[in-house]
Structure formats: C-alpha cells, structure tokens
Amino acid sequence: MTNRHRLTSVETVEDEGAWLFTVRDAHDTNQEVMLVPCEETGVTAWVNNCTHEDQRLYRDEIGVVTRDGGIVCPKHGSIFDSCSGGCENGPAADTTLLSVDVTVDDGSVYLTDDAVDFLWKGGDSSDDDDSGPSSTSHLTF
Ligand code: FES
C-alpha cells in the first residue's frame, strides 16, 4: 500500500518559500526533508543536506535561501535547481540532492514515498544544531 500522508498545501510552500518536515527512513534514522516551490510540478521534496559536505540547506533561523530558482547552500554557495535537485556550480557541481516522493493533488502536497514514514512537521529536534555535522548525512533512500 502506498504511503500517502497530507503534508501541507502548495500555497503554503509558495508563501513560506519552503516547508520542513522530518521522516524516518528505511534505516530507522530520522531525516529532515524540505518542500520547495517548483514551477513545473508545483512542489518538490529534497533531503535537507548538501551533497558537498554535511550542511543543512534549510536553516531554522532563515529558512531556505533561493536565487534564480535555485536553493543556495549557506556554506559554500553552490546552487541546486529547485525542480531537478541538480547542481552545476561551486564545490557541489555535478551532484543531485536526494529526493523524496511527493504528489500534488488538488492544491495539497502528499508524502507518497514508501521508503519513509512521516514523523512530524519541522526539523529533527534531536539534531537541531545548525553548526555541527549531522548524524544522518551518509544515509540514502
Ligand atoms: S557544503 Fe554545500 S557547497 Fe559546500
């Protein structure tokens, strides 16, 4: 059976610029995931971690910084395409953010990724230190 959990609305993601939630992955580890607006699909979902180093992209105090339709890494400035997750610049060039499956239906965003379970809205409270390394960075979906 497909996991289908309503997360929020497309309008909320567009208004707020991003929307953070936490899932438990197949390795029983918590992962932060961010929804960001995408003109092509309405919304996309990416694991909240840069592909270059262990760095959160969505930070509690500022949210996600975007430029030219891309997500800017706050550490070294690589920009990831909000729709494809791909990066073509800076130290994270030629990498792609880890994606999580979501579906937009009638203005609502649903988590539809069978590899993860929704835990809560917002970041992982057990790992909310923005300055230090994350214990979840090496896991894949
Ligand atoms: S940590 Fe993101 S570009 Fe270096």
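Guide: Let us start with Ser-82, which counts as buried because its relative accessibility is 7%; buried means under 20% relative accessible area, exposed means over 50%, and partly exposed lies in between, with a 1.4 Å probe and protein chains only.

Visitor: Where is Ser-82, and what does it touch?
Guide: Ser-82 sits in the loop between strand 7 and strand 8, where strands (E, at least two residues) and helices (H or I, at least four) are DSSP runs numbered from the N terminus. Not counting residues up to four places away in sequence, Ser-82 touches Val-36, Pro-37, Cys-38, Thr-44, Trp-46, Gly-69, Gly-70 and Ile-71, a contact being heavy atoms within 4.5 Å.

Visitor: Before I go on, where do these coordinates come from?
Guide: This is a predicted model, in which local features need pLDDT of at least 70 and side-chain atom pairs count only at pLDDT 80 or more, while totals for chains, interfaces and linings use all residues. Residues are numbered from 1 along each chain as its sequence is written, and side-chain values use heavy atoms, with hydrogens and water left out.

Visitor: What is the mean pLDDT of the chain?
Guide: The mean is 89, and 87% of the residues reach 70 or more; pLDDT is the predictor's confidence in each residue, from 0 to 100. Over residues 128–141, however, the pLDDT is below 50, although this stretch has 32 contacts in the model beyond near neighbours in sequence. Where pLDDT is low, the predicted coordinates should not be read in detail.

Visitor: Ok, cysteines next. How many disulfides are there?
Guide: The count comes to one disulfide, taking a disulfide as a pair of cysteine sulfur atoms within 2.5 Å. It joins Cys-38 to Cys-83, with 2.1 Å from S to S. Cys-38 lies in strand 3 and Cys-83 in the loop between strand 7 (79–81) and strand 8 (86–87), so the pair ties together parts that are 45 residues apart in sequence.

Visitor: Is that disulfide right-handed or left-handed, and why?
Guide: The torsion about the S-S bond of Cys-38 and Cys-83 is about 115 degrees, and therefore the disulfide is right-handed.

Visitor: Are its two cysteines buried or exposed?
Guide: Cys-38 is buried at 5% relative accessibility, whereas Cys-83 is partly exposed, with a relative accessible area of 23%. Cys-87, by contrast, is in no disulfide, and the nearest cysteine sulfur, that of Cys-50, is 7.3 Å away. Cys-87 is buried, since its relative accessible area is 3%.

Visitor: Back to strand 3. Which strands does it pair with?
Guide: Strand 3 pairs with strand 2 in the antiparallel sense over six bridges, and six bridges also join strand 3 to strand 4 (residues 42–47), again antiparallel; two strands pair if DSSP finds at least two bridges between them. Val-23 has Gln-31 in strand 3 as its bridge partner, and Val-33 has Val-47 in strand 4.

Visitor: What about the turns between them?
Guide: Strand 2 and strand 3 form a hairpin with five residues between them, and Asp-28 in that turn has a positive phi of about 65 degrees. The hairpin from strand 3 to strand 4 goes through three residues. His-27 lies in the loop between strand 2 (19–24) and strand 3 (30–38), and His-27 is partly exposed, with a relative accessible area of 47%.

Visitor: How much of strand 3 is buried?
Guide: Eight of its nine residues are buried, so strand 3 is largely enclosed by the rest of the structure.

Visitor: Which residues touch the most others in the largest nonpolar core?
Guide: Among its 16 residues, Leu-7, Phe-21, Leu-35, Val-100, Val-102, Val-109 and Leu-111 touch the most other members. A nonpolar core is a set of buried Ala, Val, Leu, Ile, Met, Phe, Trp, Tyr and Cys residues joined through side-chain atoms within 4.5 Å. Helix 1 (10–16), strand 2, strand 3, strand 4 and strand 11 each supply at least two residues of this core. A second, separate core has 15 residues, including Ala-18, Leu-57, Cys-73 and Ala-92.

Visitor: Last one: what order do the strands take in the open sheet of three?
Guide: The order is 1-11-10, with antiparallel pairing. Strand 1 (5–9) and strand 10 (102–105) stand at the edges, each with a single partner strand, so one side of each is left without a neighbour in the sheet.
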